[in-house]
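Have the sequence and the 3D view ready as you read.

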Amino acid sequence: DQIKSLERKQAAIKSEIAELKKDISKQQELKSALQKQINNVQNQIDLYNSEIGTLNKKISALEDEVAQTQQTLDESKAAFKSRLYAMYVSGDQSSLALLLSADDFGDFLYKAELMRSVTEYDTVIIEQLKADIEKLEADEKELENKKSSVQSMKSSMAAKQTELNNSMKEMNSVISDMNEKKDDLEDESAE
């Protein structure tokens, strides 16, 4: 993982900075190490921004998919409700009564086939409803996970931004100290 690699590099740079702070004569090297740290942290922030952008695109696509699944589910529910209403309006006729009301054997076979088709259609609608509900629940869970990942990355990025700002302040302080020492040395040599 690139971020973990950069964080290991960051730890090495921090220890280098601690060593350089001990030796005042190595202020230029300290400045260079601080610049490396700043660049490293900026690279980490850029990676977070890139990953957040990618996740936001995935979230947007997933939200569209959830909306589409919800629409399909609503349509399937409406079709099934219509079917149940039609069954209710037509009365509660048992399968046996329907088959016994056949005029002849051909009518009997036709009604038996019709009942099988209706039952099969109802089964397909029910299975589709189940599948749509499961897909919707899975997509919503994935959506929440991605949103949580984005929030986590934003928090990490904010911490890195604070670290970057602190490194910049420290580098400005080192540069200021170097300029003061340079001015002091120039003043001493002028005397």
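This is a predicted model: local features need pLDDT of at least 70, side-chain atom pairs count only at pLDDT 80 or more; totals for chains, interfaces and linings use all residues.

**The chain as a whole**

The chain has four helices and zero strands, so the order of elements from the N terminus is simply α-α-α-α. Of its 191 residues, 26% are buried. Now look at contacts between residues with a separation of 6 or more: 81% of them join residues 24 or more positions apart.

**Salt bridges**

How many salt bridges does the count come to? The count is nine.

| Pair | Distance (N to O) |
|---|---|
| K147 and E63 | 3.5 Å |
| E65 and K135 | 2.4 Å |
| R116 and E120 | 2.6 Å |

Begin with the salt bridge between K147 and E63. This pair links distant parts of the chain, with K147 in helix α4 and E63 in helix α2 (residues 27-90), 84 residues apart. K147 is partly exposed, at 33% relative accessible area, and E63 is partly exposed too, at 34%.

The salt bridge between E65 and K135 comes next. Because E65 lies in helix α2 and K135 in helix α4, this pair ties together parts that are 70 residues apart in sequence. E65 counts as partly exposed with 35% relative accessibility, and K135 is partly exposed with a relative accessible area of 33%.

Where do R116 and E120 lie? Both are in helix α4, four residues apart, which is about one turn of the helix. R116 is partly exposed, with a relative accessible area of 42%, and E120 is partly exposed as well, with 45%.

Salt bridges can also join up into a network, as E7, K160 and E163 do here.

**A negative patch**

Finally, find E134, E137, E140 and E144, which form a negative surface patch. One of them, E134, lies in helix α4, which covers residues 105-190. Is E134 buried or exposed? E134 has a relative accessible area of 54%, and exposed means over 50%, so E134 counts as exposed.

Notes. Residues are numbered from 1 along each chain as its sequence is written. Side-chain values use heavy atoms; hydrogens and water are left out. Patches are made of residues with over 30% relative accessible area and no salt bridge: like charges are joined within 9 Å, nonpolar side chains (Val, Leu, Ile, Met, Phe, Trp, Tyr) within 5 Å. Accessible areas come from the Shrake-Rupley method with a 1.4 Å probe; for residues, only the protein chains shown count as cover. A salt bridge is a side-chain nitrogen of Lys or Arg within 4 Å of a carboxyl oxygen of Asp or Glu. Lys and Arg count as positive and Asp and Glu as negative; His and the chain ends are not counted. The place of a charge is taken as NZ of Lys, CZ of Arg, CG of Asp or CD of Glu. Helices (H or I, at least four residues) and strands (E, at least two) are DSSP runs, numbered from the N terminus. Buried means under 20% relative accessible area, exposed over 50%, partly exposed in between (1.4 Å probe, protein chains only). Contact means heavy atoms within 4.5 Å.
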